[in-house]
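Here's a quick tour of a protein chain, going from a few side chains out to the whole fold. Have a look at the structure first, then read on.

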Amino acid sequence: MEAQIDANDSIIELRFTPTIVEFEGFINYGSPITAPATDALGNPVQIVITENRIEMPVFSVRSVKTGLTIYDGYTVAVGGLMREDVQSVEDKVPILGDLPFIGRLFQTKAENHIKSNLIIFVTAEIIDATGSRVKAANSQPLPLVEVLQTLPFQVFPEINSE
């Protein structure tokens, strides 16, 4: 996270990269170790000595670079890391669901959509080297009209009545 402060210690410009790392599961890179042997009748067979599982975790990573301008002591909500998972569900009645033609009457197929969105609340405060706030916590915040006038864009554009 990078922050820049304006000359009068009231506006903070933040640039940060929120990242989500999710565990997906394991992948087995190993293979069973076998040895030749013979069964009771003298036939050659392979026996498994060990499963030899070498599992590696798999993670998915989502991130976004963003920036915002905020007044000292104010809180902003930042969102945008969305994800949608689709799960296919197939269900059937044992035996009856396997019958040709009429088995479809005893089966169910559906999709489950799971949506998630990450919202991050950022509260920015300017502090000095000792960890104390530069402006007192009990100081009056700027009036909303004054805040809107100092923003680099127009929140409520004027309507031309020409």
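## Ser60 and its partners

Let's start with a side-chain pairing: Ser60 and Glu24 make a polar contact through their side chains, at 2.9 Å. Keep in mind that this is a predicted model. Ser60 sits in strand 6, which covers residues 55–63. If you skip neighbours within four places in sequence, the residues touching Ser60 are Ile20, Val21, Glu22, Glu24 and Arg83.

## Over to Asp85

Asp85 belongs to strand 8, residues 75–92.

Which residues does Asp85 touch once neighbours within four places in sequence are left aside? They are Asn112, His113 and Ile114. Ile114 is 29 residues away from Asp85 along the chain, yet their C-alpha atoms are 5.1 Å apart. Asp85 counts as partly exposed because its relative accessible area is 30%, between the 20% and 50% cut-offs.

## The nonpolar core

Which residues form the largest nonpolar core? There are nine of them: Ile12, Leu14, Phe16, Leu68, Ile70, Val78, Val122, Ala124 and Ile126. Strand 2 (11–16) and strand 7 (66–71) each bring at least two residues to this core. Strand 2 is the top contributor, with three.

Val78 is one of the core residues. Not counting residues up to four places away in sequence, Val78 is in contact with Phe16, Thr66, Leu68, Leu118, Ile119, Ile120 and Val122.

## Zooming out

How many helices and strands does the protein chain have? One helix and nine strands, and the order along the sequence is β-β-β-β-β-β-β-β-β-α. Of the contacts in the protein chain with a separation of 6 or more, 64% link residues 24 or more positions apart.

As for burial, the protein chain has 162 residues, and 14% of them are buried. Its accessible surface is about 13,100 Å², with carbon and sulfur atoms accounting for 57%.

Key: Residues numbered from 1 in each chain as written. Predicted model: local features only at pLDDT ≥ 70, side-chain atom pairs only at ≥ 80, totals over all residues. Heavy atoms only, no water. Core = buried A, V, L, I, M, F, W, Y, C linked by side-chain atoms within 4.5 Å. Buried < 20%, exposed > 50% of the residue type's maximum accessible area, 1.4 Å probe, protein only. Helix = DSSP H or I, 4+ residues; strand = E, 2+ residues; numbered from the N terminus. Contact = heavy atoms within 4.5 Å. Polar contact = N/O pair within 3.5 Å; in protein donor to acceptor, adjacent residues only side chain to side chain. Areas by Shrake-Rupley, 256 points an atom, 1.4 Å probe, with all protein chains shown as cover.
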